[in-house]
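Subject: Structure handover

Hello,

Here is the structure I said I would pass on. My notes on it follow below.

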Amino acid sequence: MFGPARERVGGESITVDVALPAAVAELVAALATANAGLAELLPHCAIAVGDELVPRDFVVQPGDEVAVLPPVSGGC
Amino acid sequence: MRIQEAPLRLDALLAETDLPDCGGLVVFSGTVRDHHDGKAVTRLIYTAHTPVAERMIGEIEQEVLTKFAVGACRIQHRIGELRIGEAAVLVVVRAAHRDAAFEGSRYAIDEVKRRVPIWKEEFYADGTRAYVEGCALA
């Protein structure tokens, strides 16, 4: 979890039960069910696996590191 | 290195991009401002998804090289805790002529704000804090 998503979850990561392989969309749905605060934010979040941004139909494999990236506010 | 906790060093970027055929040099530095939406800001914390941020900034540097007639483009963004007035981001663009250097640097900072996974958390004088509203990644 990063930025405001970390704030919603109250930590760097969250655990959900999803059988892998599974599409990113299934993971996102499980995350939304697990945490109401995160649910509001998720439609505006990108998902990264490793160092790649991936679409919602990307298939996550066991061992993949999945990151939730909320709207960004770098720069100044 | 494109994302770093250490203070940004303009002299190092200038040395790294030195090109004898470039007569135009534009430096953009984004520094920490002491106010936001009417509230007094005392400090900031920037966090990043570093692997994606490094790759995105590398892509933006390459785009500047291909879209504009520039000889060099380097971008660095700082993360961690920053005080008022410290540089959060540096963009250095060198080109044969000034127009391309200005245009390339403007493109670079706009794309950094739009595409690089970095988050700004502001701490206010009244003791509250908040993440700044951001731009959704495409």
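**What was found**

A:Thr15 sits in the loop between H1 and E1 of chain A; helices (H or I, at least four residues) and strands (E, at least two) are DSSP runs, numbered from the N terminus. This is a predicted model, in which local features need pLDDT of at least 70, side-chain atom pairs count only at pLDDT 80 or more, and totals for chains, interfaces and linings use all residues. Residues are numbered from 1 along each chain as its sequence is written, while chains are lettered from A and ligands numbered from 1 in the order in which they are written.

A:Thr15 is exposed, with 5 other C-beta atoms within 10 Å (exposed means 12 or fewer such atoms, buried 20 or more, partly exposed in between, with C-beta atoms placed from the backbone). From A:Pro4, A:Thr15 is eleven residues away in sequence and 17 Å away in space, C-alpha to C-alpha.

In helix H2 (residues 24-34) of chain A, the residues A:Leu27, A:Val28 and A:Leu31 are buried. Viewed down the axis of H2(A), its buried residues fall within an arc of 100° (taken from the directions from the helix axis to the C-beta atoms), so they line one face of the helix.

Between the chains, 19 residues of chain A are in contact with 27 residues of chain B (contact: C-beta atoms, placed from the backbone, within 7 Å). Helix H1 (4-9), strand E2 (46-49) and strand E5 (66-69) of chain A each supply at least two residues of the side that touches chain B.

Regards

How values were computed
Contact = placed C-beta atoms within 7 Å.
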